[in-house]
Amino acid sequence: MRIALIGSADFGKATLEAFLDRGDEVVAVFCPPDNPKSSKPEVLKEAAIARGLTPLQFASLKSPEAAQAMIDSQADICVMAYVLQFVPQELCKIPKHGTIQYHPSLLPKYRGPSAINWAIALGEEKTGLTIFRPSDGLDEGEVILQKEVVIGPDDTLGKIYFDHLFPIGVKALLEAADLVVAGKHQEIVQDESQANYEGWFDANAAQIHWAIHISQIYNLIRACNPAPGAWTKFGEQKVQIYDCHKHVAATFGAVKGKPGEVTQITLDSFFVTCHGGQIEVLKAKGAAGKVNGAELAKELNLQVGQFFAL
């Protein structure tokens with residue numbers, strides 16, 4: 001099979017290597033131009049060079065040069081794996097069997113760039129991945145293949161992505177490419193009545209408000225671990241919280257303190273009250289970098305009875 005790949009980062013690299021390792025011929029690798037502000041080389045670019053391929057880095061994939069490169073590749077199918085550039089339909093339709101794309105949600109739910117973050121933050125108990133036909137609408141094309149993944153009650157963004165959606169997604173792209181080239185696939189139009197689009201899960205979305213319910217705070221912290229990092233403020237110091245435990249208050253007598261109040265500092269952690277219980281902070285980041293909860297408490301000179309900003 002002759003594969004044209006459009007992608008970036010570790011997921012693009014893993015997809016490239018998966019097709020090559022099973023004997024497919026990768027005839028074109030499109031990846032973003034080098035970032036002048038970064039000292040790190042683009043991962044997919046480096047992987048392509050290491051495998052004897054010449055990466056194609058167009059400022060715009062809408063350019064005639066990009067289209068000609070795709071034509072010249074004579075690809076059977078184009079595979080999109082972690083794509084950061086807009087890919088026009090004119091380019092997608094050039095390969096003999098068109099183009100397929102990966103998205104880390106069960107489309108049409110959670111269209112957009114931060115699908116996994118939002119699913120965890122909103123308390124979903126399952127997510128998954130979709131291989132679909134890209135269209136000019138973001139994540140709106142026909143579905144070819146889907147795989148479900150359970151979100152456990154304590155799973156973080158990192159666990160769901162790196163342990164599940166990443167490896168399963170690479171395999172799903174290979175499976176879908178085989179089905180499409182063999183003409184054995186189905187294309188299912190997305191049900192718009194079930195659709196939702198979510199934008200970037202940015203720093204504003206990642207702010208902790210201690211006056212809301214413990215389950216919402218806990219889900220937010222899980223959704224931001226490892227990125228972008230749920231955050232709060234102690235005085236003027238920004239604090240990002242990563243690993244934590246949720247301690248639910250079962251009775252009125254079990255309630256300690258007020259929302260945002262530090263109620264306990266242990267050898268490894270500290271506790272902050274919110275509605276419905278307390279969050280035990282196990283790993284966080286202050287001015288000195290990532291440390292355990294007790295080390296952060298020492299850095300901030302944290303005392304029982306003090307408050308984080310609501």
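Arg-133 is buried, at 14% relative accessible area, where buried means under 20%, exposed over 50% and partly exposed in between (1.4 Å probe, protein chains only). This is a predicted model, in which local features need pLDDT of at least 70 and side-chain atom pairs count only at pLDDT 80 or more, while totals for chains, interfaces and linings use all residues. Residues are numbered from 1 along each chain as its sequence is written, and side-chain values use heavy atoms, with hydrogens and water left out.

**Salt bridges**

- The structure has 11 salt bridges, each being a side-chain nitrogen of Lys or Arg within 4 Å of a carboxyl oxygen of Asp or Glu.
- As background, side chains of opposite charge can pair when their charged atoms come close.
- Arg-133 has Glu-187 as a salt-bridge partner, with an N to O distance of 2.9 Å.
- This pair ties together distant parts of the chain, 54 residues apart: Glu-187 sits in the loop between helix 6 and helix 7, and Arg-133 in the loop between strand 5 and strand 6 (143-150). Helices (H or I, at least four residues) and strands (E, at least two) are DSSP runs, numbered from the N terminus.
- Glu-187 is partly exposed at 37% relative accessible area, whereas Arg-133 is buried.
- Through shared partners, salt bridges also connect Arg-22, Asp-24 and Asp-178 in one network.
- Glu-192 and Arg-111 form another salt bridge, at 2.8 Å from N to O.
- Arg-111 counts as buried, with 7% relative accessibility.
- Glu-124 and Lys-109 are joined by a salt bridge of 3.1 Å, N to O.
- These two are 15 residues apart and again link distant parts of the chain: Glu-124 lies in the loop between helix 5 (115-121) and strand 5 (126-132), and Lys-109 in the loop between strand 4 (99-103) and helix 5.
- Both ends are partly exposed, Glu-124 at a relative accessible area of 22% and Lys-109 at 35%.

**Positive surface patch**

- Four lysines, Lys-238, Lys-283, Lys-285 and Lys-290, form a patch of positive charge on the surface.
- Patches are built from residues with over 30% relative accessible area and no salt bridge, joining like charges within 9 Å and nonpolar side chains (Val, Leu, Ile, Met, Phe, Trp, Tyr) within 5 Å.
- Lys and Arg count as positive and Asp and Glu as negative, leaving out His and the chain ends.
- Lys-238 belongs to strand 8 (residues 237-241) and is partly exposed, with 40% relative accessible area.

**Cysteines**

- There are 0 disulfides in the structure, a disulfide being a pair of cysteine sulfur atoms within 2.5 Å.
- For Cys-92, which is in no disulfide, the nearest cysteine sulfur belongs to Cys-78 and is 6.5 Å away.
- Cys-274 is in no disulfide either; its nearest cysteine sulfur is that of Cys-244, 9.6 Å away.
- Cys-92 is buried at 4% relative accessible area, and Cys-274 counts as buried at 4% relative accessibility.

**A glutamine pair**

- Gln-68 is part of helix 3 (residues 64-73) and is partly exposed at 39% relative accessibility.
- From C-alpha to C-alpha, Gln-68 and Gln-89 are 14 Å apart in space, and they are 21 residues apart in sequence.

Terms used. Areas by Shrake-Rupley, 256 points an atom, 1.4 Å probe, with all protein chains shown as cover. Charge placed at Lys NZ, Arg CZ, Asp CG, Glu CD.
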